[in-house]
There are 2 protein chains.
Amino acid sequence: MYLFMEKKAKNIKELAAVLGISVTTVSRVLNGKADKYRISPATGKKVLDAAREFNYYPNRIARGLRLEKTETLGLIIPDIANPFFSSIAKTIEFESRRHGYSLIFCDSLDDIQTETELLNLLASRKVDGIVLAPVGQSNKHLMDFLKRGIPLVIIDRHMPGIPIPYITTDNYSGAVDAMEYLVASGHRTIACIQGLRGISVNNDRVRGYRDVLIRNGIPVDNSLISGDDFGEENGYIQTRILMSREDPPTAIFALSNLISLGVLRAINETGLSIPDDISVVAFDDQPYSSFLASPMTTVDQPKEEIAKIAVKVLLDYIRNGSIDMDTGIMLKPKLIIRKSVKRITDRHDQAQRPHV
Amino acid sequence: MYLFMEKKAKNIKELAAVLGISVTTVSRVLNGKADKYRISPATGKKVLDAAREFNYYPNRIARGLRLEKTETLGLIIPDIANPFFSSIAKTIEFESRRHGYSLIFCDSLDDIQTETELLNLLASRKVDGIVLAPVGQSNKHLMDFLKRGIPLVIIDRHMPGIPIPYITTDNYSGAVDAMEYLVASGHRTIACIQGLRGISVNNDRVRGYRDVLIRNGIPVDNSLISGDDFGEENGYIQTRILMSREDPPTAIFALSNLISLGVLRAINETGLSIPDDISVVAFDDQPYSSFLASPMTTVDQPKEEIAKIAVKVLLDYIRNGSIDMDTGIMLKPKLIIRKSVKRITDRHDQAQRPHV
DNA sequence: TTTATATGCACAAACGATTGTGCAAAAATA
DNA sequence: TATTTTTGCACAATCGTTTGTGCATATAAA
């Protein structure tokens, strides 16, 4: 009977009791402060051995209360089922844990109300800091949240004029690369299916789209810039509309991976094929991008870098209690060229394009 | 100046102070126990108003310490970047929050050592319960963990002979459906690229594969059952090997979505095409499955159901402090037929297949 | 008017850890 | 041996809640 009894200590008091010493000493040893408080090596060893033997793990809730830090970070993401975000979440969790932090994960369901509630929830749970991939255009709730003094960094988007550090893709540069490639391939009528208007991600990408056209002397046709949502459905609808025009585009620039899935569905249904009938470039590379009916040319965002840097910036913020609020990091994405863009022989003897 | 000062109460003491009443009363009102302790409605209203006005949110760490429950669940998953798991994670987070629980999310990186550490970490963080998608075959660490008395449910896999409730797909039935379809389409030489051997998920799927062959009078060729990992690379390698045989299979049954991506890569490289040269059926449907070069026929696991039921079972477990440890729920998957399987006209006048 | 009951709230302990300070005993110095 | 210094550890307060119990005052019953 006795043989099968697990030796256990459910709290530091029990552990101290079996050792016949005070909880103070046990705590100090366990926190590596034996030297600072002049605990003898003999006592130190006894404590360490006992902790192992009795399978003692400190109660981190109590610890959090006393230390006023929980070694926990919060992560709020609009949709974890979106591979772009799940990939970022993976790295954030890994990096956090590597630094001794756990992660409370929340999905805002792309809803700003939920996002607001989640921020408060994380605050009441006393996370030491938050990584937020914000939804929506409004940032009033963020301004309010700032007052609580909880370290916060933003990823994916940035909110101009609001003093919160951010780490994002250089969306402008990504769009420019993609568009230069399309233009270089001879395309002149290029549609742009955009996501949520008004947010930085979208603005920057659309700006890249326009600039490249202008720079190449191609008139910007606003009716070719359509859509208003990063989801699949939007991609589908806009493509159906675009392809029913009298002068359909020869190429579509889809501003998100989900949009591009919608584009594919519409093209499938229309019986067209990529790239022969229509060329497509999409933002955000995916593991399956190269296995699609026609392997997709994509703008690959540096997801891992974004996540790593976000955690690093956040931890600095936490440790120093402050940070340069102008911290804004934009990472260059990479154009991955596959087979979804057709090379068009140009009818006009196009003047030499100026280079970027 | 005064106008711009936010009214704040950082803890219940401050709030009680401005109201001129005791923290006891404040706490009771805030927890809806006004009646039980006969707080007058007037006082009750005062407290509620003040809480709102002073933007007071209780410190849930302190609460957790006192109540010995944190209203937090733990989730351990082998790879959040895998869409199968990210989709499950999304539902688990949503359902948890709906019931007032937050989620500490951990990625075990498919590593059993990490998984063990995470279990201890979550224990020391005093989560009220854990949903675990276990990695590896061994379950010794789970047996050890059980002694801690923390409610635990397992998803995706089940561990025979270990008293932990589980919720999984009925993998056997899914495999049977897929195989019956392949056989009905005239295939006789069907390869099976499996994942990690020895675990229930894999065993059950392989058993389904075998049983259907036997039931249809097709000899089981063990050399057609290959592979040992659920990853993409395994799918790739095994396909290359299979396709270089003298008698290559006419169909491949890929036992995971990642394996099927590897299969696609190999087939692509070999210059073959689906379904003309080779048919493919894969376990686990994905959002992009229908947009692949040839839309893939898949076994769709009831991810959302699994997640919902897992949370429900776990919460029951937590509330009752115990549960029937024989709880084991297997949900039927659904075969989604697309265009990756070729209908083969049978050379032999095959006898009527017995039906399931 | 006196006694019994109901009403409305506060005191103080507890949850499990950390830490400034204090106090013996041992060692070093005088 | 007497004094000072060092060594080794413990006391008790604290973090922000929750809650059993108790104590006045107000109301009802006698």
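Biologist: Which backbone of chain A has a polar atom 2.8 Å from a phosphate oxygen of DNA strand D?

Modeller: This is a predicted model, in which local features need pLDDT of at least 70 and side-chain atom pairs count only at pLDDT 80 or more, while totals for chains, interfaces and linings use all residues. Residues are numbered from 1 along each chain as its sequence is written, chains are lettered from A and ligands numbered from 1 in the order in which they are written, and side-chain values use heavy atoms, leaving out hydrogens and water. A polar contact is a pair of N or O atoms within 3.5 Å; within protein, one must be able to donate a hydrogen and the other to accept it, and residues adjacent in sequence count only if both atoms are side-chain atoms. The backbone polar atom at 2.8 Å from the phosphate oxygen belongs to A:S40.

Biologist: How far is the side chain of A:R38 from a base nitrogen of DNA strand D?

Modeller: A backbone N or O atom of B:I12 lies 2.7 Å from a phosphate oxygen of DNA strand D. A:R38 instead uses an N or O atom of its side chain, and the distance from this atom to a base nitrogen is 3.0 Å.

Biologist: Which element gives the most residues to the surface near DNA strand D?

Modeller: A residue is near a strand if one of its heavy atoms lies within 4 Å of it, and 29 residues surround DNA strand D. They divide into 10 nonpolar, 10 polar and 9 charged. Helices are DSSP runs of H or I with at least four residues, and strands are runs of E with at least two, numbered from the N terminus. With 4 residues, the element that gives the most is α4(B).

Biologist: Which residue of β10(A) is the bridge partner of A:V281?

Modeller: Two strands pair if DSSP finds at least two bridges between them. β8(A) and β9(A) pair in the parallel sense over 4 bridges, with A:F253 opposite A:V281. β9(A) and β10(A) also pair in the parallel sense, over 3 bridges. In β10(A), the partner of A:V281 is A:T297.

Note on methods. Nonpolar A, V, L, I, M, F, W, Y, C, P; charged D, E, K, R; others polar.
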